[in-house]
There are 2 protein chains.
Amino acid sequence: MSGGVGSRFWPMSRSSKPKQFLDILGTGRTLLQMTIDRFSKFIPIENIIVVTAAQYKDLTLEQIPNLPEENILLEPYKRNTAPCIAYASYKLFKHNPNATVVVSPADHLIVGDEAFSTTIQNALSYAKEHDHIFTIAVKPTFPNTNYGYIQADTKRSIQIGKNQLYGVTTFTEKPDYEMAQLFIDTGEFYWNSGMFIWNVKTIIRELEQHLPEVSTLFSSMLEHYFTDREQEHINRIYADSTTVSIDYGLMEKTTCAWTFIADFNWCDIGTWSSLYDSFEKDNRGNAIKCSEGIFKDMKNCIVHQANNEKLVFIKGLEEYMVVDTNDVLMICPRTDAAVKEVLSNLALEEKREYL
Amino acid sequence: MSGGVGSRFWPMSRSSKPKQFLDILGTGRTLLQMTIDRFSKFIPIENIIVVTAAQYKDLTLEQIPNLPEENILLEPYKRNTAPCIAYASYKLFKHNPNATVVVSPADHLIVGDEAFSTTIQNALSYAKEHDHIFTIAVKPTFPNTNYGYIQADTKRSIQIGKNQLYGVTTFTEKPDYEMAQLFIDTGEFYWNSGMFIWNVKTIIRELEQHLPEVSTLFSSMLEHYFTDREQEHINRIYADSTTVSIDYGLMEKTTCAWTFIADFNWCDIGTWSSLYDSFEKDNRGNAIKCSEGIFKDMKNCIVHQANNEKLVFIKGLEEYMVVDTNDVLMICPRTDAAVKEVLSNLALEEKREYL
């Protein structure tokens, strides 16, 4: 899933080049490339499908040159994750009704490729034979209010290879801080990594049951998948589709969800705060990415330089973020609210070139 | 006088291109060009001499293309203003011992060209016939500690055309804040604009009296001025010259100083604080020069963008300065101390490319 615009990560992430297409960590690989790299170790590139917005087709091909062009599914409108998953699932079902699938966002950070590889392969093998919805749960380290939480049913517990598998009691999207703290205190709650594993028959059954409108639209496409008119019909039905996330539309309703406990480090680089959490920090709590810097009396700040090699001199900021890109210089408190504020200003003033 | 490096105005002012060569106000003309423009209205360009450092010869010719190349005097070393003035004065004396001269820094801001023109011409006419040292004094508007102060002797007062002329009691360089406040309270003190008017015989007499070493060096050059070997000899004697300002070496000692009261607005853009003082500010006290900006809860700040047209978003800064140039991004409290701090760091780390 590579279609988001990542506006909470402005000004690095822009509608013309959202964060999955950026080398945010300065490793030389973009988040999309890192995601493909991770899966390519055990899934042939021919079996990898990238669902993205129509405008990002060229960017995708440029960044993943060995990806077959027909493996890029293009969404004409933003409809959130449920239609995206339905599109890929029904199309895949036509190709191979016995397929097993792992669904993953393109913009997450994973540390621990070995553990990742083992866990996902383990889950894929198990999902081939079991008609459940499988998720990947991550042990929380603090009450993050930007994540979804999975409550594990410790009474339904199975050891699968090296991985612990639990039945799922509840899914909760982005709780408030007190709730998140409560979740963590119980020891039963995990972060929802946003990755799913299932066999294609199971997800289609679940879509029919919980999202019948979406399922009807995409099953009506069965005769058109892999034909010259697929895109034309997709463009038509996307216009009619409701906008709904897989978490809200399906995961919170299903009764057959199970979760693998991940033994790798995972992070959704959805916001500056999450990037701050995942970045290495100096002994004053500063997460700094810049070619050359002099910092005095600076504490708990993010400094992020993109596409330039300026000398950065900062004195006296606390809990701030400084982001310097080609066309935007942002200096504001290290909160998502500040980014939202400037975005709504830009939208109001119709300065689309900066969005 | 166009040879300074303007380090207090870093990172706009750099040793490779000091502030007199910059279009600091965004008017399309550099400070040097504006200075020449002002004087050109009543002094033919052939009679204008620019004294600068050897390395700035090409910059000077580029910016003032109609200036005769032989009117650029090149200093091989930094020796402050007294040797600079002595060089030009003795050379001019050889050319025309009856010349009258106005000496001016190249990096000052003047608002009110008409009044400037009238005052300087008035002073030049008077100086032709009177063997005094004339300065231009500006009515102070606040206790600026970066300026020199002139105490006027109101008992020795003459009306010359539209200008008031006073005898000078004392010169005081850069007083502390309490002293500056006291000066202003008396009503007798003025800012020293750093411009001087005299006939060339008078300044030579004064140099001989108060700075005999400097005077001996440059009078020994009389046979070499306007010859092929002038530069070679200048390079030699500059090495031997003491480093001393005309204010300290002569003005504080002379007994024949008089001062014209200026009726134009003057400002020495020596520092960021002085630029802040001279810039227009919004109703929250922000002096902003940038192509596009969104500013929230920002107070009494300087925002200065150079050579780029980025969108600048700033939230929550007070009494800060943000300067964004080609190769430096500076975010620090709006004090000269902060700039000094980074400069000494850069010098210590031998990062000369940023100086």
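In the predicted model, six strands form an open sheet in the order β11(A)-β13(A)-β15(A)-β16(A)-β14(B)-β12(B), with mixed pairing. Strands here are DSSP runs (E, at least two residues), as helices are (H or I, at least four residues), numbered from the N terminus. Pairing requires at least two DSSP bridges between two strands. The edges are β11 (287–289) of chain A and β12 of chain B, and each of them pairs on one side only. Direction ignored, neighbouring strands of this sheet are turned by 5° against each other on average. This angle is taken between axes, which are lines fitted to C-alpha atoms (for helices over the stretch in contact); angles run from 0 to 180 degrees between N-to-C directions.

Residues are numbered from 1 along each chain as its sequence is written, while chains are lettered from A and ligands numbered from 1 in the order in which they are written. Local features need pLDDT of at least 70, side-chain atom pairs count only at pLDDT 80 or more, and totals for chains, interfaces and linings use all residues, with side-chain values based on heavy atoms and with hydrogens and water left out.

Strand β16 (residues 328–333) of chain A is joined to β14(B) by four bridges, and the two run parallel. Leu329(A) has Val312(B) as its bridge partner in β14(B). Within chain B, β12(B) and β14(B) also run parallel and are joined by five bridges. There, Lys296(B) is the bridge partner of Lys315(B) in β14(B).

The contact (heavy atoms within 4.5 Å) takes 32 residues from chain A and 32 residues from chain B. About 2,900 Å² is buried between the chains, and carbon and sulfur atoms give 60% of that area. Buried area is the accessible area (1.4 Å probe) lost when two parts are put together, summed over both. On the chain B side, Leu311(B), Phe313(B) and Leu329(B) lose the most area to chain A, together 24% of what that side buries.

Six salt bridges link the chains. The criterion is a side-chain nitrogen of Lys or Arg within 4 Å of a carboxyl oxygen of Asp or Glu. One of them joins Asp324(A) to Lys310(B), with the closest N and O atoms 2.3 Å apart. On the side of chain B that touches chain A, β12 (292–296), β14 (311–315), β15 (320–324), β16 (328–333) and α11 (336–348) each supply at least two residues. β16(B) gives the most to this side, with six residues.
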